[in-house]
Amino acid sequence: MSKAIPSIPWSTIYIIRSPINPAIIVTNVGVNSFERRRTNFFIVRATMTVLSRTVAIVTGGSSGLGAATARYLAQNGARVLVGDLGHQQETFQRMANESGLPVVATSSHQGPALAFCEMDVTNSNQIEAALDKVEDIYGEPVNAAISCAGIAVAAKTLSKKGPHSYEDFMKVLTVNTGGTFNVARLAAERMSRREPEGKDGLRGCIINTASIAAYEGQIGQVAYAASKGGVVGMTLPMARELAPLGIRVMTIVSSLCATC
Ligand SMILES: NC(=O)c1ccc[n+]([C@@H]2O[C@H](COP(=O)([O-])OP(=O)(O)OC[C@H]3O[C@@H](n4cnc5c(N)ncnc54)[C@H](O)[C@@H]3O)[C@@H](O)[C@H]2O)c1
């Protein structure tokens with residue numbers, strides 16, 4: 001069910017689907033900016049169905065949005081592997097302890113659970129190793145790949161300190177845009193090995209995380225906004241390319257999350 005956007009308080013969480021690109025989902029307070037620009041977005045009823053046969057990798061899943069996503073999925077029956085930088089393992093363990101979910105490392109675990117694998121999204125070998133670990137621990141390839149790993153720098157194109165560091169700009173693009181693509185391409189290959197399910201022949205789902213900065217970047221967000229614009233841009237072609245394989249692709253364009 002959908003309707004035109006009313007005036008809404010900034011504290012209200014809304015999920016909006018773009019009629020131009022249904023794979024782009026805009027959440028939260030960015031609504032008001034869209035309203036100002038009279039963009040024709042629609043509010044949709046949002047429910048997240050987690051199936052007991054969901055086998056997910058969540059990148060950046062030790063902290064913030066990724067941790068909340070990993071926990072939510074596992075608490076609702078999924079088997080989840082968190083791929084994050086090595087120094088985040090303790091944070092992951094704390095989140096897992098608080099959630100009361102089992103942390104597994106043994107082969108062919110069947111019930112809902114969490115697992116951790118040290119993984120940098122810019123390192124293809126480490127992503128492959130994490131996807132191998134999913135198959136070892138949970139006995140089947142991933143059918144959900146959720147990219148929450150991300151970084152930001154705060155710097156202007158030109159400030160009193162001089163021009164923006166090119167290295168910093170490229171680092172943000174490499175992690176946020178390159179890393180998201182890296183995980184999507186390798187996870188898609190694993191999903192393509194699964195048997196298609198249901199009348200739509202679904203094999204899996206890839207969910208990327210962009211940001212409202214892709215459309216409404218603030219001063220000091222030039223690198224971050226560019227990186228998230230890249231994630232938005234890759235969504236539609238990726239969705240078109242992977243649809244024949246039964247792999248859905250979508251991107252969340254979030255403003256400030258409650259996990260912040
Ligand atoms: N928090 C917000 O309000 C908000 C709003 C819009 C978009 N986002 C996006 O949501 C995602 C999560 O944001 P968050 O605020 O929860 O961040 P966060 O800093 O709490 O978590 C980011 C996670 O990514 C991991 N990470 C960073 N670089 C990595 C790499 N190279 N390889 C693997 N993991 C890496 C970090 O270790 C961390 O666990 C990001 O992509 C961010 O841009 C967040």
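Predicted model: local features only at pLDDT ≥ 70, side-chain atom pairs only at ≥ 80, totals over all residues.
Trainee: Hi! Which residues touch the most other members of the largest nonpolar core?
Mentor: Of its 61 residues, those are Ala56, Ile57, Val80, Val142, Ala145, Ala187 and Ile206. A nonpolar core here is a set of buried Ala, Val, Leu, Ile, Met, Phe, Trp, Tyr and Cys residues joined through C-beta atoms within 7 Å. Buried means that 20 or more other C-beta atoms lie within 10 Å of the residue's own; exposed is 12 or fewer, partly exposed is in between, and C-beta atoms are placed from the backbone.

Trainee: And what gives the most to this core?
Mentor: Helix α7 does, with 8 residues. Helices (H or I, at least four residues) and strands (E, at least two) are DSSP runs, numbered from the N terminus.

Trainee: What is Val142 in contact with, leaving aside its neighbours within four places in sequence?
Mentor: Val55, Ala56, Ile57, Leu131, Val134, Ala187, Arg190, Met191 and Gly204. Contact means that the two C-beta atoms, placed from the backbone, lie within 7 Å.

Trainee: New topic: which residues come nearest to the ligand?
Mentor: Gly60, Ser63, Gly64, Ala149 and Gly150, out of 27 residues around it. Such a residue has its C-beta atom, placed from the backbone, within 6 Å of the molecule.

Trainee: Which helix gives the most to that shell?
Mentor: α2, with 3 residues. Both α2 (64-75) and α5 (166-191) supply at least two.

Trainee: Where is Ser192 found?
Mentor: In the loop between α5 and β11 (204-209).

Trainee: Why is Ser192 classed as partly exposed?
Mentor: Because Ser192 has 15 other C-beta atoms within 10 Å. Not counting residues up to four places away in sequence, Ser192 touches Arg203 and Leu245. Ser192 and Leu245 are 53 residues apart in sequence, yet 6.5 Å apart in space, C-alpha to C-alpha.

Trainee: Last one: how many helices and strands does the protein chain have?
Mentor: 7 helices and 12 strands.

Terms used: Residues numbered from 1 in each chain as written.
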